[in-house]
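Here is a short briefing to read alongside the structure. Keep the 3D view open and look up each residue as it comes along.

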Amino acid sequence: MPKITGSTVPGARTPEANDRDLGLDFAKGVLITLVIVGHLIQYVVYRDEGFWESPCFKWIYMFHMPLFMAISGYLSWRALLRKSFTQAIGDRAMQLLLPMLFWYAILETAKLAAFSSSASEPGSVLQCLNDSAGTYWFIWAAFVSFLLVKILSIFNRRSPWILFVSVILVALAPVTFSISPLIRYTFPFFCLGVSFAQSREWWTSITRSHKPLLITFLSIAALVCFLAWRKDTYIYNNLALVHDMQSAKNVLLMLLGSAAASAIVIVLVLQCWKVGRSNRVTRFITVELGQSTLLLYLIQGTVFRLMDSIQYGELWDLTTRLAVAGILGGAIVAVALMVRWIVRDIPYLSQLVLGAPPRSACLKYQPADN
């Protein structure tokens, strides 16, 4: 993935701050927007099982989280390589798990305030962990993937075979409790991102020499997988388990389709960034959304999990649902940006809410793995 340095985009890191990759910030901004749109399709536009067959929902869910995980793996490589085990895991927990617990506390408080005590009574610690995992599953998946790869790097930091074997073992693990299927689904993409960061020159040389042919092949593969994609192809329904020929086809289609679609989308998105990086909309997506993806993910997860507990929209027509979806999506973004603006310079609160130190500290040192 190309590294774009020395940019003058407002709010970006200075060259002294490790030259933030603004192209990937733009990609992250596009992806978090699609996460919100996908949930709006599920929770507002459709109020039944119909969203499984929505072409827009299908297109988004083919690649958005796998590609997010691949970018996470790519950006995590410096922390995996340069930091000790305890420092790397501690920093990643502070970055991901601490703000997740804060927003989960907000969610539970909102439930207690909005519903009767009997319906919202807190459960055991295990139940709370399970609920938080279901609500913010990607955070847990990113943390567990980072932990596994960091453990592997202790034995051999640069061997691609260790990553490959770990992908096979994780993918074949017959575990289905809680969010384990989602971790098994996204872990290979995290490792792919790490592999690209490890051997960037090798990957670049291969893709450059066969780029037109490779893009054509991947485009055809992504289209075929899109047309064949059904309800049982989603990870939420097949759980990445193979127990007969049909389930094997579903899992294979899911993985191949996600890989092909992710590859095509990242090429298109980075090309859009190169062409339109001076455009105001592109800069907004890059700086405001792309550099707030964790906060946006946590807030939208909190909102949509809260919507699981209330009845609404049964009598709305399609026009009303689309209008509500647009207003809600805009409100989520507005609230996230307002929260970020308020707390980003406040010590401790910035770490707790945003998962990042205050901006003044970032100017002194800010790792490129977030």
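**Salt bridges and ring pairs**

Arg305 is partly exposed, since its relative accessible area is 23% (buried means under 20%, exposed over 50%, and partly exposed in between, with a 1.4 Å probe and protein chains only). Before going on, note that this is a predicted model: local features need pLDDT of at least 70, side-chain atom pairs count only at pLDDT 80 or more, and totals for chains, interfaces and linings use all residues. Residues are numbered from 1 along each chain as its sequence is written, and side-chain values use heavy atoms, with hydrogens and water left out.

**Salt bridges**

- Side chains of opposite charge can pair when their charged atoms come close.
- How many salt bridges does the structure hold? There are 6 of them, where a salt bridge is a side-chain nitrogen of Lys or Arg within 4 Å of a carboxyl oxygen of Asp or Glu.
- Arg305 is in one of these, with Asp308 as its partner and 3.5 Å between the closest N and O atoms. Asp308 is partly exposed, at a relative accessible area of 46%.
- Lys83 pairs up with Asp91, and here the closest N and O atoms are 3.0 Å apart. Lys83 counts as buried at 12% relative accessibility, while Asp91 is partly exposed at 35%.
- Lys111 and Glu108 also meet in a salt bridge, at 3.8 Å from N to O. They sit 3 residues apart in helix α3 (residues 85-114), so about one helical turn separates them. (Helices are DSSP runs of H or I with at least four residues, strands are runs of E with at least two, and both are numbered from the N terminus.)
- Is Lys111 buried or exposed? Lys111 is buried, with a relative accessible area of 16%, and Glu108 counts as buried too, at 17%.

**Aromatic rings**

- A pair of aromatic rings is described by the distance of the centres and the angle of the planes.
- Rings of Phe, Tyr and Trp (its six-membered ring) pair if their centres lie within 6.5 Å; planes under 30 degrees apart count as stacked, over 60 as edge-to-face and the rest as tilted. By this rule there are 20 aromatic pairs.
- Why is the pair of Phe26 and Trp273 tilted? Their ring centres are 6.1 Å apart and the planes sit at 35°, so the pair counts as tilted.
- That pair links distant parts of the chain, 247 residues apart: Phe26 is in helix α1 (residues 22-45) and Trp273 in helix α11 (residues 245-276). Phe26 and Trp273 are both buried.
- Phe68 and Phe138 make a tilted pair as well, because their centres are 5.7 Å apart and their planes are at 50°. Phe68 belongs to helix α2 (residues 55-82) and Phe138 to helix α5 (residues 137-155), so the pair ties together parts that are 70 residues apart in sequence.
- Phe68 is buried, at a relative accessible area of 9%, and Phe138 is buried at 9%.
- Ring pairs also join Phe51, Trp52, Phe57, Tyr61, Trp229, Tyr234 and Tyr236 into a cluster.

**A meeting point along the chain**

- Tyr74 is found in helix α2 and counts as buried, at 9% relative accessibility.
- Which residue does Tyr74 meet across 119 residues of chain? It is Gly193, and the two C-alpha atoms are separated by 4.2 Å.
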